[in-house]
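Thanks for coming. I have one model to go through this morning, so please look at the screen.

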Amino acid sequence: MGKQIKLALVGNPNTGKTSLFNKLTGLHKKIGNYPGITVSRVVGNFLLDDGTAIEIIDLPGTYSLHPSSKDEEVVLRELILNKEKIDGVLVVADVNNLKRNLILLTELQDVGFSVMLAINMCDEMQRKGIEIDTDKLQELLGIPVMLVSAKHSRGDGMHQGKGKIHQMRERIPEMFKAKSRKYFENYRLTDTNIDFIKDNFPKTNLYKLFLIYSEQDKFNKLIAQDYKEILELPFEESTVKKLLQKEVIKRYQDINSILKKIYKIDKSNATGLTGKIDKILLHKFWGLLIFFMIMAVVFQSIFSFASVPMEWIDAFFSDASVFLKSNFPDNQLTALLTDGILSGIAGVLMFVPQITILFLFIALLEEMGYMSRIVFLMDRIMQPFGLSGKSVVPLLSGTACAVPAIMSARTIGNAKERLITMLVTPLITCSARLPVYSIIISLVIPKTDLFGFMNIQGLVLLGLYFLGFFAAIFSAYILSKIIKSNYKRFFILEMPEYKLPIVRNVYITVWDNLKAFVFGAGKIIVAFSIILWFLATHGGEKFVHADQYLQQEQAQESKPMDLSSYKLEHSYLGVTGKSIEPAIRPLGYDWKIGIALLTSFAAREVFVSTLSTIYSVGDDNDQLLKDRIASERNVVTGEKTFTFAVGISLLLFYVFAMQCFSTLAVLKKETGSWKWPTFVFFYMTGIAYMTAFFAYQVLK
Amino acid sequence: MNLNNLKIGQEATIIHCNDGKLPLKLMEMGCVTGERIFFIGKAPFGTPYYYKIGDTRIALGIEIVNEIEVDLLDG
């Protein structure tokens, strides 16, 4: 066994940090979540030629160690408390923004870490007319410096041999021998508190102590014991802020004097491509048009292109189920395998095409630098509702399916905006609601035309879409007032240079998200569907001996009913459906609808097939089912079950209710706890119940 | 003059942006006294505004733009 070294990968956003991470580690990585917050934690590893094992943590992108978001707090805490025992830090900088990127580097040097600097995107230097004297830069910073390009297959840059990723790996040990420069101690920030800290902790790194003092609210109780004296110091926000501003100005001065000696740019070679593309893509008219066209393509793809592979998956699993049923003994185990487990897995894989397509687009747009432009274009519209400009993508994708849509909220940097987006996305009318809407609308809404050309049924459907959309926007507004954030909203957004997507990054993004869904949310979905299957296929005495009871009852009442319908009625699920009847009676529903409401938790469209079973209409024949439901009468009153009032009540219920455990599962996965899925469940179902209640009571 | 008064296509030098109201992040991203700032354009619905500060392309909300003082460069 060789040595083990633990590194952190740190850098500004948009420096190609993740590409470099992927390059360094290949696919050897693990993705998790930092406890309690929606920031993912990525760890990878690789071996050096001498057998040294390197473990590397990809920390969230940040502009400095003074955090301005939850993501950036993670970087501060990881590096300052260093619970993970990080030995050294690999800093990634972008050759186009070297000055700004070096701020973070100098901070890390001041904290006392062994540091190595990788200047990425060196392939662009020639085109941009940039020259960097790396040898001199190494000398001035006192650390190893490399030019790399994460874009090219072997990491080659224009400087032959210098940009290789392999060489970069092998130079890692150099950082531990280097004599890294310090800056902060020369800044002489005159402040009595700093003097006090200096005197009381003479052996501890001063900049680290300064960070603990100035960012003490980011550490909470984590440092209460070790740095009691610092926390007891008077803390006046305006004074501290002035100190921090002085610090930044001093750092810029230091960096300017370094860059003067090593950095040359000849602008005559620069093409200014990004500026030209922005003129079109951010144009008042063309920019918006292109944006909506891109969104239309994305929407179209997840809505219709995904349906082809989804049908294959469906067909494959039903074939497999039939095969197993005909080749295995007809017993409980086979039923569990086919109707429980297999259909659960099918339910998970069913989402794969949509997630793949959606993330393919998102990864491409992100890679090319267009996602920031979406925020720029849409911020003015979304911001009053507490949403990010990027929320447009999840909200729109939500019209196909909330599951991939909620996952796509990952691209939203601000934790509060991301959370709100995820919480309101399920209110957007998804495609699973369509079959339910269409059957109920055809039952209770007349098929007449308004003004001779507008179909009322179509108008009602459109109205339901709008209702879902407004509910989402309105809820976002309410939530943005309720959910607290430590950070006042200032709009500062870097607009990265446009670049061609790196194919490898795109497929890694898609693959990572698929894996996260299948193995994260997937487990919960399979578990839920097994439970639901069990409840629908097991029951008490009347279920077990259903055939005998059915014969008896039919002899007495001459009521036409088939066995499967009778069994569902007396299964645990049916009994539950009956027992909730008092609760749903005020909405105008009977126990049959109650059972259908429960089963539609598997997926909303199951409502239709459950009604088919209950009403003993085979083969999901919509026309037959429609006629059967239309003729259904209440046993007691003799009135029609599906009156106009009941229909509207049901439609409203389906607009608002949280009736999809896949969505709950993915919310759990993305937010890291059951707190938010539980909230969404009660919030949405609560609205659903109230609106359905009022609609029925007024209309009946 | 206030950055808000800069017209699209004009360039200026930042003379004051370390007001206590603004986030430190702004300075960390290069918005410090002495840097050049170029006004590229506005978003279709009015805000945010789009600038180039030094080598960084950056979009800023109006709440920030109003707090920055600049000196217009001639020509």
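In β2(B), B:R36 is the bridge partner of B:T13. That pair belongs to the join between β1(B) and strand β2, residues 36–42 of chain B, where three bridges link the two strands and they run antiparallel. Two strands count as paired here if DSSP finds at least two bridges between them. Helices (H or I, at least four residues) and strands (E, at least two) are DSSP runs, numbered from the N terminus.

Before going further, the ground rules. This is a predicted model, in which local features need pLDDT of at least 70, side-chain atom pairs count only at pLDDT 80 or more, and totals for chains, interfaces and linings use all residues. Residues are numbered from 1 along each chain as its sequence is written, and chains are lettered from A and ligands numbered from 1 in the order in which they are written.

Put together, which strands make up the open sheet, and in what order? There are six, in the order β12(A)-β4(B)-β3(B)-β2(B)-β1(B)-β5(B), with antiparallel pairing. The edges are β12 (492–494) of chain A and β5 (69–72) of chain B; each has a single partner strand, so one side of each is left without a neighbour in the sheet. From one strand to the next the twist averages 40 degrees; axes are lines fitted to C-alpha atoms, for helices over the stretch in contact, and angles run from 0 to 180 degrees between N-to-C directions.

Three bridges join β12(A) to β4(B), antiparallel, and A:E494 has B:I58 as its bridge partner in β4(B). Helix α17 of chain A, residues 370–382, lies across β12 of chain A together with β3 (49–53) and β4 (56–60) of chain B, and runs at about 150 degrees to β12(A).

For the chain contact as a whole, 29 residues come from chain B and 32 from chain A, where contact means that the C-beta atoms, placed from the backbone, lie within 7 Å. On the chain B side, the elements giving two or more residues are α1 (24–28), β4 and α2 (62–65). By class that side has 15 nonpolar, nine polar and five charged residues. Ala, Val, Leu, Ile, Met, Phe, Trp, Tyr, Cys and Pro count as nonpolar, Asp, Glu, Lys and Arg as charged, and the others, Gly among them, as polar.

Last, chain A itself. It has 34 helices and 12 strands, and its C-alpha atoms fill a box of roughly 100 × 65 × 55 Å, taken along the principal axes. Within chain A, 22 residues of domain 3 are in contact with 23 residues of domain 4. The largest share of the domain 3 side, nine residues, comes from α15(A). That side divides into 16 nonpolar, five polar and one charged.

Terms used
Contact = placed C-beta atoms within 7 Å.
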